[in-house]
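Colleague: Thanks for making time for this. Could you walk me through the model you sent over?

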Amino acid sequence: MGKLGAWVLAAVVFVGCSGGSQVTPTDSGNGNTGIDAGTVDGGGNQAPLDAGTTIPIPPPVDGGTTVTPADGGTAGNPPADGGVTNTMAVGSLGVGPWPTNNVTYGAADGIQETPIVGITTDESQNLWVATNSALYLRTPAATRFIRFDASAGLHLQSNSTLYCADQFFAGGTDKTCRAGAASDPGIAEIVGGGPNEVFVGYWGFHNWADLSSQPDGVPTDGIWGDIYRHTGKIDRVRLTIVDPKQVDASSDKLDVVRFDVVSGNTPEFWHNRDSYRMVYDHFIHKHELYVGFEHGIDKFSPDLWFEPNKQWPFNDELAWMSDHLHPMTCMHQLCIDDESRMTEMMGDWRGLALDAKGDLWVGGKWSAGKIFYTPLNAQVNADGTRNGGGTTGWFQRAGKSYEDPVTHQSFTFGFQFCGTAGHELQWNGSAWVDGPCPAQSGTPPVFWPPQPGDPVSITAVAVTTDGKSWWSSGPVGGNIAYGLASYDGKHFAYFNPADVGMSENNITDMIGLPDGRLVIAGGRSGLTFWNPATGAHTSMHAGQGLPSDQVIRMELDMMVSPPALHVSTANGAATIRVFP
């Protein structure tokens with residue numbers, strides 16, 4: 001079966017957050033390098049600078065009154081999960097409105113550009129497709145896709161929103177109104193949401209050369225002096241259908257709300273703007289949205305959204321946005337509990353997957369872990385207001401974010417380990433000293449790089465029916481591709497892509513199927529369907545149900561039966577319902 005080895009985790013440790021140097025540059029230049037907030041508190045969250053209260057920031061001129069709707073999570077009535085109750089369950093929509101055979105979509109269906117960066121369905125079974133330049137919709141009653149771009153309200157490059165709450169910042173070097181919109185190449189990712197709803201994630205802009213507001217020579221990127229802090233982010237798009245059979249986009253209306261992502265404990269930090277991966281929970285903690293950004297992972301409760309106070313939105317946003325968490329490692333260092341002395345590495349969260357309990361496995365360029373669910377986005381005070389410096393919100397729980405509430409086992413991969421090189425920098429009480437360590441000991445970031453902080457480039461996470469999590473590593477940006485790994489809660493096991501039937505090591509995505517198999521996407525080899533229990537595998541290529549062998553993204557719609565595997569490729573989109 002291609003097993004290269006199995007490793008018992010000797011220890012699983014908590015992850016800290018930076019008050020020192022954090023490095024999260026991405027391979028495409030869409031990353032975040034800068035100083036984060038907080039102390040190492042045992043979790044990958046941002047604690048306030050004084051570990052107890054938020055930075056003192058003057059209120060807006062009207063005193064900062066916050067209007068909170070009843071479903072927004074008041075102290076007496078916090079929301080259950082994402083604030084919604086419905087009957088959606090696996091397979092509850094039956095066969096659904098779409099063909100049960102395999103279908104491809106492209107120019108003949110009204111899609112004008114390639115590559116396809118996403119294909120998804122919402123809870124009304126509208127089919128959404130995205131390219132970098134546009135969002136496409138085909139309702140079940142329509143015969144073609146209709147195209148939406150900035151003219152329909154999407155916050156693409158030519159349609160920005162102006163943000164002026166920045167004038168009330170207590171610090172930073174930029175207190176002027178700044179525009180927020182996508183940067184090139186535009187749309188990065190989409191995922192279907194509730195009825196007639198889709199979420200659109202964008203690419204942002206980063207200027208690594210700007211050192212103007214940092215005395216220590218660290219780029220200004222990601223803090224309140226960064227003039228590009230409002231770029232990228234996410235649109236919540238809801239469809240108001242005038243006539244579902246219309247093919248003219250002007251006959252339909254998109255209700256577009258922009259989520260301007262900012263740190264939950266202080267508006268000093270704007271680390272997250274590039275949407276690498278989005279996952280929407282239809283079945284367990286219903287209508288919760290998770291986004292893996294270039295720096296951290298966020299939770300959104302879109303059904304709890306309300307228009308925030310534009311002069312000071314940061315308190316209101318805590319009702320529906322929880323920013324952020326990030327397991328981490330340290331650059332060639334054995335991490336310690338003093339973030340001021342470490343160079344912390346985290347980011348590029350391409351791998352997100354929900355398990356059967358609705359908890360979230362996460363994998364990034366340098367580190368990995370599991371985030372356990374809690375409904376509150378931020379702690380709620382007795383008077384119903386939200387406490388950005390609290391301890392019970394999703395992003396505020398420190399090490400408990402990664403701790404199983406029943407077994408108390410923690411799942412943070414990469415914080416303390418010794419790689420294959422057998423040496424690393426160790427803190428001797430006054431300085432970092434390079435010293436020996438037992439090679440391949442401790443808790444790796446799933447895979448074993450030479451030293452902590454060397455990339456493992458996790459490209460996808462999947463969960464199979466036996467409860468195992470599966471992890472892929474690809475050659476992103478020229479980094480080493482480590483292949484495949486599985487984790488059963490105690491042990492990692494490793495596999496060569498060739499031994500599971502792949503002809504390349506560039507794994508771009510991976511999904512667990514209801515029959516126990518994995519479907520693995522390649523950058524030039526199409527799809528591989530692999531049974532980990534038997535070792536059997538088969539492939540699907542261009543001309544056999546795929547528009548191209550260059551697969552970019554996959555999504556599995558489990559609302560219908562048989563399930564629908566949505567595949568985005570360089571030359572078009574596909575829906576697979578007859579699996580080889």
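Modeller: Happy to; below we take your questions one by one, and please keep in mind that this is a predicted model.

Colleague: How many strands are there in the protein?

Modeller: The protein has 580 residues, and 60% of them are buried. Helices number 0. The count of strands is 41.

Colleague: What is the mean pLDDT of the protein?

Modeller: A pLDDT of 70 or more is reached by 82% of the residues. Over residues 1–21, though, the pLDDT is below 50, and that stretch has 97 contacts in the model beyond near neighbours in sequence. Residues 23–79 also stay under 50, with 204 contacts beyond four places in sequence. Taken over the protein, the mean pLDDT is 86.

Colleague: Which residues touch the most other members of the largest nonpolar core?

Modeller: This core has 25 residues. Strand 14 (253–259), strand 15 (277–281) and strand 16 (288–292) each supply at least two of its residues. Leaving out residues up to four places away in sequence, L289 touches V191, F199, M278, V279, Y280, D298, K299, F300 and P302. The residues that touch the most other core members are L289, F300 and W320.

Colleague: Is F413 buried or exposed?

Modeller: F413 sits in strand 26 (residues 412–413). The relative accessible area of F413 is 0%, and the cut-off for buried is under 20%, so F413 is buried.

Colleague: Which strand gives the largest share of the lining of the second largest pocket?

Modeller: The volume of this pocket is about 610 Å³. Of the 24 residues that line the pocket, W203, R350, T508, I552 and R553 are the closest to its centre. Strand 11 (187–192), strand 35 (507–512) and strand 39 (551–557) each supply at least two lining residues. The largest share, 3 residues, comes from strand 39.

Colleague: And how many charged residues does the lining of that second largest pocket have?

Modeller: Sorted by class, the lining has 12 nonpolar residues and 8 polar ones. The charged residues number 4.

How values were computed
Residues numbered from 1 in each chain as written. Predicted model: local features only at pLDDT ≥ 70, side-chain atom pairs only at ≥ 80, totals over all residues. Heavy atoms only, no water. 1 Å grid on protein atoms, 1.4 Å probe; cavity = no way out; pocket = protein on both sides within 12 Å on 5 of 7 lines; lining within 4 Å. Points joined across faces, edges and corners; volume = space filled by probe spheres on them. Helix = DSSP H or I, 4+ residues; strand = E, 2+ residues; numbered from the N terminus. Nonpolar A, V, L, I, M, F, W, Y, C, P; charged D, E, K, R; others polar. Core = buried A, V, L, I, M, F, W, Y, C linked by side-chain atoms within 4.5 Å. Buried < 20%, exposed > 50% of the residue type's maximum accessible area, 1.4 Å probe, protein only. Contact = heavy atoms within 4.5 Å. pLDDT = per-residue confidence, 0-100.
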